[in-house]
Amino acid sequence: MRNLISLADLRPEQLTRIVARAVEFGRGDVEDRPLTGRQVGVYFRKSSTRTRTSFWSGATRLGADVITFGPDELQLTTGETVEDTSRVLGQYLDALVVRTNGDVEEIRRLGTSPDLAVVNALSLDEHPTQAVADLATLTEHFGSLAGRHLLVVGEGNSSGAALALAGALVPELRITLLCPEGYEVPKSTLDLVDELSGGRHQVGRITDPAAVEGPVDAIYTSRWQTMGVPKADPNWLAAFEGFRVDRDFFDRHSGPHTVFLHDLPAVRGQEVTDEILDGGRSLAWRQAHHKMTAAMAVLEWCVVGLWD
Ligand SMILES: NC(=O)OP(=O)(O)O
């Protein structure tokens with residue numbers, strides 16, 4: 001069993017292979033059902049439309065049986081330790097997909113059983129399977145990530161952090177993180193990008209939309225109020241002025257081939273306009289489909305590991 005808790009744990013070729021496998025699944029290539037006879041648990045402590053359902057659906061398509069746990073359904077809520085929970089669930093399940101209120105380290109403690117593969121389906125600091133879906137969407141569209149330039153605009157949230165870490169493993173992809181001051185991808189994540197790549201990456205950080213070196217190949221945004229977590233500053237919206245992806249923003253930074261991505265859910269009219277999200281350049285809905293193909297690729301890699 002292998003965990004996928006942070007992209008920082010993967011070797012570059014492992015991420016590349018997982019993404020390629022997600023693209024294959026996107027073509028409908030499921031020749032056999034490699035998880036037949038396997039059991040997958042899906043434990044979400046926070047709301048989810050895409051990730052929870054796509055892991056359930058993807059695991060089922062691969063032949064697994066799935067059990068879901070709501071936020072209060074495990075004895076963790078009554079004080080059983082994370083380690084004891086892992087030890088017990090490892091005797092019943094092959095994989096546990098977890099969305100938590102905590103950070104990556106909490107999920108790591110759940111991943112201590114050698115018999116249980118644990119997948120991070122969103123922690124406060126990283127959303128690794130989202131990045132797999134995002135890279136699969138870009139790979140499918142462009143044929144390759146090499147030489148492409150991805151502009152990630154808005155709050156430096158868990159999706160942005162995962163993409164930054166992906167940039168450490170895929171140095172041929174240029175990623176510009178455009179976040180308002182005070183809402184950037186944490187420095188600790190960017191330090192990790194440097195460390196993982198030995199400084200050989202193309203992940204850059206800017207705070208001024210006028211500093212974007214375009215045209216870029218893809219413009220990616222995300223909800224500014226991630227998971228409904230309130231921001232400390234009641235006037236936080238003022239910091240995001242100029243960061244909405246509307247027609248003007250898109251045209252300013254795009255060429256004829258530029259596409260739009262959004263991890264969803266969207267707050268229409270806030271970080272993106274309807275015209276862009278629903279427009280002909282938007283891959284957001286295909287990206288949502290790749291949530292499921294990414295889930296399938298990740299589960300296959302973690303549980304049966306037919307390839308490395
Ligand atoms: N993008 C994403 O993680 O969506 P959900 O919160 O609906 O799972």
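Five strands form an open sheet with parallel pairing, in the order E7-E6-E5-E8-E9; strands, like helices, are DSSP runs numbered from the N terminus (E, at least two residues, for strands; H or I, at least four residues, for helices), and two strands pair if DSSP finds at least two bridges between them. This is a predicted model, in which local features need pLDDT of at least 70 and side-chain atom pairs count only at pLDDT 80 or more, while totals for chains, interfaces and linings use all residues. Residues are numbered from 1 along each chain as its sequence is written, and side-chain values use heavy atoms, with hydrogens and water left out.

**Confidence**

- The protein chain has a mean pLDDT of 96, and 98% of its residues reach 70 or more; pLDDT is the predictor's confidence in each residue, from 0 to 100.
- For the complex, the predictor gives an ipTM of 0.99 and a pTM of 0.97.

- Strand E7 (203–206) and strand E9 (254–262) are the edge strands, each pairing on one side only.
- From one strand to the next, the twist averages 20 degrees; axes are lines fitted to C-alpha atoms, for helices over the stretch in contact, and angles run from 0 to 180 degrees between N-to-C directions.
- Strand E5 (residues 149–153) runs parallel to strand E8 (residues 216–221), and 4 bridges join the two. Leu 150 has Ala 218 in E8 as its bridge partner.
- Helix H6 (residues 158–169) lies across E5, strand E6 (174–178), E7 and E8, and runs at about 150 degrees to E6.

**The sheet E2-E1-E3-E4**

- A further open sheet with parallel pairing is formed by 4 strands in the order E2-E1-E3-E4. Its edge strands, strand E2 (65–69) and E4, each pair on one side only.
- The twist in this sheet averages 20 degrees from one strand to the next.
- Strand E1 (residues 39–44) pairs with strand E3 (residues 95–99) in the parallel sense over 5 bridges. The bridge partner of Val 40 in E3 is Ala 95.

- His 127 is placed in the loop between strand E4 (117–120) and helix H5 (128–142).
- Leaving aside residues up to four places away in sequence, His 127 touches Thr 51, Arg 99, Ala 121, Leu 122, Ser 158, Ser 159, Ala 162 and Lys 291; contact means heavy atoms within 4.5 Å.

**Aromatic pairs**

- The structure holds 5 aromatic pairs; rings of Phe, Tyr and Trp (its six-membered ring) pair if their centres lie within 6.5 Å, and planes under 30 degrees apart count as stacked, over 60 as edge-to-face and the rest as tilted.
- The pair of Tyr 183 and Phe 240 is tilted, because the ring centres are 5.1 Å apart and the planes stand at 50 degrees. This pair links distant parts of the chain, 57 residues apart: Tyr 183 lies in the loop between E6 and helix H7 (187–197), and Phe 240 in the loop between E8 and helix H8 (247–253).
- Phe 240 also forms an edge-to-face pair with Phe 243, at 6.5 Å centre to centre and 65 degrees between the planes.
- Tyr 183 is buried at a relative accessible area of 16%, and Phe 240 is buried at 1%. Phe 243 is buried as well.
- One aromatic cluster is formed by Tyr 183, Trp 224, Trp 236, Phe 240 and Phe 243.

**Cysteines**

- The count of disulfides is 0, a disulfide being a pair of cysteine sulfur atoms within 2.5 Å.
- Cys 179 is buried at 2% relative accessibility, and Cys 302 is buried with a relative accessible area of 2%.

How values were computed: Buried means under 20% relative accessible area, exposed over 50%, partly exposed in between (1.4 Å probe, protein chains only).
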